Amino acid sequence: MKLAVIGTGYVGMVTAAVFANLGHQVWGLDIDEKRIADLKKGKTPIYEPQLEEYLKRGLKNKRLHFTTDYSQALRQAEIVFICVGTPPKSNGDYDLSYVYAAARQIGGAIKHDVVIVIKSTVPPGTGEAVKKIVQPLTSTPFDIASCPEFLREGSAIEDSLHPSRIVIGVDSQKAKDLLLKLHQPIKAPRLICDVVSAQLIKYAANAFLATKISFINSVAIVCDRIGADVTKVSQGLGLDPRIGGSFLQAGLGYGGSCFPKDISALISFAKRQGYNFGFLKEIERINRKQIDYFVQKIEKHLGSLKNKTLSILGLAFKPDTDDLREARSFYLIKKLQAKGARIKAHDPVAIKNAQKILKQVTFYKDPYQALVDSHALLLVTEWLEYQKLDFVKIKKLMKQTVIFDGRNFLPKEKLVKLGFIYEGIGR
Ligand code: NAD
């Protein structure tokens, strides 16, 4: 089939690369000229396992093409995916201007009937709004559909090839048939529904996962007060199939480009429908407060943080990505700096992005260097390599051997045996 993918960020890039590798002809389009120039050369704009390999293969077998020109991208397309960003506004509301701008360009460029599929995470009703933008710009018939994306950064290719489900929101038989045909080789349950329900599924899914995280973080605080171990409590919960064990790891809370924005977008959307989604406001509040809770733990052990050297391990919002959007590291570092702490930091891949947004932080390519003369190690992102560090060596490098494990990730018993003071979250 012939596809166009509008927006080549995490979702667009992965969508384009995966469908090209499944044998389709794909044009990826972006307004960012540098990004398109890089992609044409086989350079990925983001760090994502396997993506570069997929990109290079797609370019080599001439199934994957890139352009900044809508007419070129849409010339033969049967399906057009909208994958542009839907960032939050400063008041927590959603910014749909990129989606609407893409819709205007699509409307001006389509010359034959297409199915326009919104993959960006958007509030219900956006399909109708896109239709109203495109309709006056073209005499060609078109359909609107919604295929929300559930991939996770860090395992995006695998998630796209083996998704938990494929949600197909359609209002026409033609769009349904075409999207079922496109997804035919991907084995996963299909859920066919209307466009509006498909869009709500995505928001509700992220809100539910964020709820699990804030729930277990609240349980962790109770664990701290009574000396219980939240890792055992969450295991005990997760063994109940009605609950499930995923997203029940206590820690510094959720970040990333999706959860924070999608939760506040759902709150805003509900408000527009006359419903106060107070439940989700509390989920957000718990998440925000989790950073303060961690800082209090550090102060309890170290006293005043003024002129204390603190070493942060992990900056990305989660492992296996260089994405720092809404990363907990950012908020934590800001709070620690406000209290006068000196920050040293390491991350396996996110330092380049971190340098753009974090000031007065000394970055190290080597985690051991980041720990020299430090008053405490703060584990913020659970990169696997941090479990394999040589803690005997680290003990000799640090000024004070205190570890604050913001993800309950490091081997507590081993560290305590080595003589470290270890403080997790609810552990
Ligand atoms: P991103 O910021 O990485 O990429 C968006 C891309 O769209 C950028 O390259 C930008 O230049 C381009 N763009 C903006 N306006 C454009 C236009 N008018 N025409 C063409 N290109 C344009 O965003 P992302 O992380 O890929 O997210 C895209 C959407 O998918 C969002 O709605 C997001 O919520 C959703 N989503 C993201 C993830 C994720 O893990 N990142 C997962 C599921 C869903």
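**Entry 1: H11 and H12.** I looked up helix H11 (residues 259-272) and helix H12 (residues 278-302), whose axes come within 9 Å and cross at roughly 150°. Axes here are lines fitted to C-alpha atoms, for helices over the stretch in contact, with angles from 0 to 180 degrees between N-to-C directions. Helices are DSSP runs of H or I with at least four residues, numbered from the N terminus. H11 and H12 are therefore roughly antiparallel (an angle over 145 degrees). Their crossing is left-handed, meaning that the near helix is turned anticlockwise from the far one by less than a right angle; clockwise would be right-handed. From H11, I noted Pro-260, Ile-263, Ser-264, Leu-266 and Ile-267 in the contact, and from H12, Leu-280, Lys-281 and Glu-284; contact means heavy atoms within 4.5 Å. These residues divide into 5 nonpolar, 1 polar and 2 charged. Nonpolar covers Ala, Val, Leu, Ile, Met, Phe, Trp, Tyr, Cys and Pro, charged covers Asp, Glu, Lys and Arg, and polar covers the others, Gly among them.

**A note on the source.** I am reading a predicted model, where local features need pLDDT of at least 70 and side-chain atom pairs count only at pLDDT 80 or more, while totals for chains, interfaces and linings use all residues. Residues are numbered from 1 along each chain as its sequence is written, and side-chain values use heavy atoms, with hydrogens and water left out.

**Entry 2: H9 and H12.** I then followed H12 to H9: their axes come within 9 Å and cross at roughly 45°. On the H9 side I found Ala-207, Ser-214 and Ile-221 among the residues in contact, and on the H12 side Phe-279, Ile-286 and Tyr-293 among them. The contact of H9 with H12 has 8 nonpolar, 6 polar and 2 charged residues.

**Entry 3: H9 itself.** How far apart are the end C-alpha atoms of H9? They are 48 Å apart, which agrees with the 46 Å that its 32 residues (195-226) should span at 1.5 Å a residue, the expected span being 1.5 Å times one less than the number of residues. At the start of H9, a side-chain oxygen of Asp-194 comes within 3.4 Å of the backbone nitrogen of Val-196. After H9 comes Gly-227, with a positive phi near 75°.

**Entry 4: H5 and H6.** Last, I checked helix H5 (residues 97-109) and helix H6 (residues 126-134), which pack at about 40° with axes 8 Å apart. The crossing is right-handed.

How values were computed. Helix = DSSP H or I, 4+ residues; strand = E, 2+ residues; numbered from the N terminus. Parallel < 35°, antiparallel > 145°, perpendicular 65-115°, else oblique. Polar contact = N/O pair within 3.5 Å; in protein donor to acceptor, adjacent residues only side chain to side chain.
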